[in-house]
Amino acid sequence: MEHEAGHVIPYSTLVKVWAVLLALTAVLVFVSRVFHETLSVPAMLAITPLKAGLVFYFFMHLKYEGVLLKTMLFVALATLVIFLGLLFSDVLVRFG
């Protein structure tokens with residue numbers, strides 16, 4: 001019985017990704033404090049998926065998964081984006 005070795009990501013890469021995640025979090029906190037009314041929601045909608053993508057890709061080893069799993073994740077996320085877009089458009093029509 002063969003044992004498959006796990007994927008090893010160097011600690012330096014993980015530390016760099018962690019530093020980028022901290023920097024993006026700092027940007028979100030800064031934008032929410034300084035530009036509260038104008039840019040906080042668009043910044044969150046732009047930066048948070050980027051942070052989630054970094055976590056998926058490096059910490060959850062999506063980098064090493066097959067095409068099928070990556071495609072299924074993309075379809076699920078695209079569906080979520082479509083539903084959120086429909087939600088925002090409905091809110092804009094009702095209250096805009």
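At what angle do helix H1 and helix H2 pack, and how far apart are their axes?

Guide: Bearing in mind that this is a predicted model, helix H1, which covers residues 11-34, packs with helix H2, which covers residues 40-59, at an angle of about 170 degrees, and their axes are 10 Å apart. Since angles over 145 degrees count as roughly antiparallel, H1 and H2 are therefore roughly antiparallel to each other. On the H1 side, the contact is made by Thr-13, Leu-14, Val-17, Trp-18, Val-20, Leu-21, Leu-24, Thr-25, Val-27, Leu-28, Val-31 and Ser-32. H2 contributes Ser-40, Ala-43, Met-44, Ile-47, Thr-48, Leu-50, Lys-51, Leu-54, Val-55, Phe-58 and Phe-59. Sorted by class, this contact of H1 with H2 has 17 nonpolar, five polar and one charged residues.

Turning to aromatic rings, the count comes to two aromatic pairs. The ring centres of Phe-30 and Phe-35 are 6.4 Å apart and their planes stand at 80 degrees, so this pair is edge-to-face. Phe-30 counts as partly exposed because its relative accessibility is 49%, and Phe-35 is partly exposed with a relative accessible area of 36%. Tyr-57 and Phe-58 also form an edge-to-face aromatic pair, with 5.1 Å from centre to centre and 85 degrees between the planes. Phe-58, which takes part in the contact between H1 and H2, is buried, with a relative accessible area of 15%, whereas Tyr-57 counts as partly exposed at 36% relative accessibility.

Most residues other than glycine have a negative phi. The phi of His-61, however, is near 60 degrees, a positive value in a residue other than glycine. With a relative accessible area of 27%, His-61 is partly exposed.

Finally, helix H3, spanning residues 67-95, holds both Asp-90 and Arg-94, which lie four residues apart, about one turn of the helix. Asp-90 forms a salt bridge with Arg-94, and the closest N and O atoms are 3.0 Å apart; a search of the whole structure finds one salt bridge. The two partners fall into separate accessibility classes, since Asp-90 counts as partly exposed at 33% relative accessibility, while Arg-94, at 62%, counts as exposed.

Terms used:
Residues numbered from 1 in each chain as written. Predicted model: local features only at pLDDT ≥ 70, side-chain atom pairs only at ≥ 80, totals over all residues. Heavy atoms only, no water. Axes fitted to C-alpha atoms, helices over the stretch in contact; angles between N-to-C directions. Helix = DSSP H or I, 4+ residues; strand = E, 2+ residues; numbered from the N terminus. Parallel < 35°, antiparallel > 145°, perpendicular 65-115°, else oblique. Contact = heavy atoms within 4.5 Å. Nonpolar A, V, L, I, M, F, W, Y, C, P; charged D, E, K, R; others polar. Salt bridge = Lys/Arg side-chain N within 4 Å of Asp/Glu carboxyl O. Buried < 20%, exposed > 50% of the residue type's maximum accessible area, 1.4 Å probe, protein only. Phe/Tyr/Trp six-rings, centres within 6.5 Å; stacked < 30°, edge-to-face > 60°.
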